[in-house]
Amino acid sequence: MQNKENWSTWLEIDLGAIEKNVRFLHQYTGVEIMAIVKANGYGHGAVPTAQAAIRGGATWFGVARIEEALELRTAHITQPVLVFGYTPPGKFRLAIENDISLTIWNQEQLKLASVAALQLKRKANIHLKVDTGMSRLGVQVEDGLKLAQQIVKTPAIEFEGIFTHFARADESDPTPTDIQEASFGDLIKKVRDCGITPKVIHAANSAASLTRPETYYDLVRSGILIYGLDPSDECPAPQSFRPALSWKSVISHIKTLPAGRGVGYGHEYITSRMERIGTVPVGYADGYRRIAKNFILVAGERVPVVGRICMDQMMIQLDKINAAHVSDEVTLLGSQGSERISAEELGSRWHTNNYEVVCGIGPRVPRIYV
Ligand SMILES: *Cc1c(COP(=O)(O)O)cnc(C)c1O
């Protein structure tokens with residue numbers, strides 16, 4: 001049965017593309033790949049993405065929240081999983097019990113991890129986060145050595161990693177990242193000079209894994225690239241990366257309206273002649289933005305969305321598309337015929353980036369794996 005017979009709207013996710021993207025990045029960098037599957041795998045589905053990434057050679061996973069790490073463990077994914085965001089104190093035990101690696105950046109968290117690990121008679125795997133200029137999480141770089149020394153002295157702690165995160169690696173100006181890189185490099189040297197050897201050192205996100213081999217250390221943390229999307233306009237994905245996600249729907253209704261008819265809430269669009277107007281069952285509750293000047297693909301051509309986007313539906317102008325019929329498949333993101341609407345295009349139309357476009361596709365849109 002075809003998808004259009006079964007769903008109002010759906011995502012088609014090409015897991016083969018994710019697998020190939022990971023394999024390509026692994027060959028390109030020559031280091032281990034930590035596949036970033038936070039936010040439901042950037043909207044692609046965390047578990048299927050993780051399984052495809054494993055087939056492509058990923059050996060680590062990164063997520064933002066402990067709940068996301070537990071979802072991977074529940075799906076029997078046994079690779080190391082790092083939570084690189086904040087973990088609430090009450091969840092440290094759960095992390096350690098499930099062999100989930102935690103990020104810490106202060107003494108209180110170190111103490112919590114140690115106490116929980118001792119109670120469980122296990123070791124807590126921790127990564128020390130260093131703030132070299134992102135100013136989000138992390139010990140300030142000048143206090144990093146002291147905290148590293150405390151980590152090695154703390155019972156029941158496995159010093160598994162030390163890392164930092166770049167704020168501007170996707171921009172063409174290298175200077176801000178040069179500064180972060182140098183400051184992290186200095187700290188790593190001091191840590192090593194003290195004989196401290198965490199298992200892995202990491203810094204690069206997708207953008208840096210394309211452009212900064214000197215930041216690879218033991219692994220690169222890649223999100224956007226494994227989904228085949230550009231880190232930014234200034235830092236596009238090389239040709240070998242292929243987008244994995246398409247967003248599709250169907251035409252649910254078509255009518256011909258006389259001149260002067262209002263379309264949708266607020267009648268923001270008024271027909272100026274006899275017009276053929278179609279309806280598509282996708283709305284802002286699915287993550288399609290309620291802003292003007294949208295287009296979708298019908299019969300391989302771009303057609304304008306008219307009137308306001310509703311919660312669950314939108315209207316389209318079909319005058320130029322004689323071939324359009326009720327129950328035809330339409331594409332909101334992805335290719336149809338020789339036309340393509342990319343996540344990057346939607347991002348720029350919606351005044352945001354491709355990351356927010358794919359993460360924002362709502363949970364009620366089924367993910368179909370091909
Ligand atoms: C989200 C995130 C990444 C991945 O970023 P991409 O630009 O998608 O590669 C890497 N590291 C950390 C700490 C992150 O939060």
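Student: How many residues of strand 15 are buried?
Tutor: In this predicted model, six of the six residues of strand 15 (residues 275-280) are buried, so the strand is mostly covered. Buried means under 20% relative accessible area, exposed over 50%, and partly exposed in between (1.4 Å probe, protein chains only). Strands (E, at least two residues) and helices (H or I, at least four) are DSSP runs, numbered from the N terminus.

Student: Which way do the residues point from strand 15?
Tutor: Glu275, Ile277 and Thr279 point one way, Arg276, Gly278 and Val280 the other way, and all are buried.

Student: Which strands pair with strand 15?
Tutor: Strand 12 (residues 253-257) runs antiparallel to strand 15 and is joined to it by five bridges. Strand 18 (residues 314-317) is also antiparallel to strand 15, with four bridges. Two strands pair if DSSP finds at least two bridges between them.

Student: A change of topic: what is the phi of Asn40?
Tutor: Asn40 has a positive phi, near 55°, and is not a glycine. Most residues other than glycine have a negative phi. Asn40 lies in helix 3 (residues 38-42) and counts as partly exposed because its relative accessibility is 34%.

Student: And where is His351 found?
Tutor: His351 is in the loop between helix 11 (343-349) and helix 12 (354-359). Its phi is also positive, about 55°, and His351 is exposed, with a relative accessible area of 73%.

Student: What should I know about the numbering and the pLDDT limits?
Tutor: Residues are numbered from 1 along each chain as its sequence is written, and side-chain values use heavy atoms, leaving out hydrogens and water. Local features need pLDDT of at least 70 and side-chain atom pairs count only at pLDDT 80 or more, whereas totals for chains, interfaces and linings use all residues.
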